[in-house]
Amino acid sequence: MNFKEFQNQSRLYVIGALEPEELEEFEKARKKFGKKAEDYIGECYGLHEAFALSLRPAKASTTIKERLMAMVRARKQA
Amino acid sequence: MVPQLQPGAPSDLELMNAIQAEDADALSQLYDRYNGILKALILRVIHNEAEADDLLQEIFMEIWNQAKNFSSQKGKPLGWMVTLARRRAIDGLRKKQAYARAEERLQNETEQQPDAWAHNATEEEIVLSDTRDLIRKVITGLPPAQQQAIDLAFFKGMSQREIAAKTNTPLGTVKTRLELGLKKIYDGLKELRGEL
């Protein structure tokens, strides 16, 4: 696998769309390309952020934050 | 690519650092900033308002508990939170064995709204930042078949084979659609980063 193919596969990898047989080859290439590979995979995770930002924000129930903060305070006191 | 902040407001990274130091107020601020985005993501996966709220609470609790595992060297706080939320939402979908029911709902919604991303980009929406509009334009600019393949992979956690079976499309075609679509989005994001 050359680096261009690795880049293609990386974008599939970060969204969990590689098939098991592709994943094996991908991991081999990942080791082969080392830091360059890790840096590129890191960049690809920007896709997650983009997909989330592309959605219209949804309103959460007002009680959720109260429950969350109560749990956090209880955890801190424990 | 984060929403615009008020002048003087702490950055996401500053909030994460404070959460790592167990500052509950920082979590409160991070919740106010991102609960809408994460809830939208969860809803897109599980299509159930009450379950999405419960999961949102669990995810922010996990952010609090796992904050020490966050490293800015590996990415930005929002990316980390989205990755965590997506994983939890897809796990939740499978764990509750609600996949079939959600599929049915998704099918109904897809029939009513063939292009889910395009549906989101209506004039009725609240005003979004330029960045978000631009991201949406990149995604909605893809051919519908590529959007659908990416939607099923990212928001439903489907494998290429599952997408092929669901859409009655050859596996090779699904792979090509995903590769082309993701490359266009990735390249579009790189251009956006240059412009912003």
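The expected span of a helix is 1.5 Å times one less than its number of residues. The model used here is predicted.

**Exercise 1.** Compare the end-to-end span of helix H2 (residues 24-46) of chain B with that of a straight helix, and locate its kink.

Solution. 
- Count the residues: H2(B) has 23.
- At 1.5 Å a residue, a straight helix would reach 33 Å.
- The end C-alpha atoms of H2(B) are only 28 Å apart, which is short of that span.
- Look along H2(B) for a bend: a kink of about 55° is centred on Tyr34(B).
- Past the end of the helix comes His47(B), with a positive phi near 55°.

**Exercise 2.** Describe how helix H3 (residues 49-66) and helix H4 (residues 77-95) of chain B pack.

Solution. 
- The angle between H3(B) and H4(B) is about 135°, and their axes are 10 Å apart.
- Angles over 145 degrees count as roughly antiparallel and 65 to 115 as roughly perpendicular, so H3(B) is oblique to H4(B).
- The crossing is right-handed.
- H3(B) contributes Leu55(B), Glu58(B), Ile59(B), Glu62(B) and Ile63(B) to the contact.
- Residues from H4(B) include Met81(B), Leu84(B) and Arg88(B).
- By class, the contact has seven nonpolar, one polar and three charged residues.

**Exercise 3.** Which element gives the largest share of the side of chain B that touches chain A?

Solution. 
- In total, 48 residues of chain B are in contact with 35 residues of chain A.
- Elements giving two or more residues to this side of chain B include H2, H3, H4 and helix H10 (171-195).
- The largest share, 12 residues, comes from H2(B).
- By class, this side of chain B has 24 nonpolar, 11 polar and 13 charged residues.

Technical notes
Residues are numbered from 1 along each chain as its sequence is written. Chains are lettered from A and ligands numbered from 1 in the order in which they are written. This is a predicted model: local features need pLDDT of at least 70, side-chain atom pairs count only at pLDDT 80 or more; totals for chains, interfaces and linings use all residues. Axes are lines fitted to C-alpha atoms, for helices over the stretch in contact, and angles run from 0 to 180 degrees between N-to-C directions. Helices (H or I, at least four residues) and strands (E, at least two) are DSSP runs, numbered from the N terminus. Angles under 35 degrees count as roughly parallel, over 145 as roughly antiparallel, 65 to 115 as roughly perpendicular and the rest as oblique. A crossing is left-handed if the near helix is turned anticlockwise from the far one by less than a right angle, and right-handed if clockwise. Two residues are in contact if their C-beta atoms, placed from the backbone, lie within 7 Å. Ala, Val, Leu, Ile, Met, Phe, Trp, Tyr, Cys and Pro count as nonpolar, Asp, Glu, Lys and Arg as charged, and the others, Gly among them, as polar. The bend at a residue is the angle between axes fitted to the seven residues ending there and the seven starting there.
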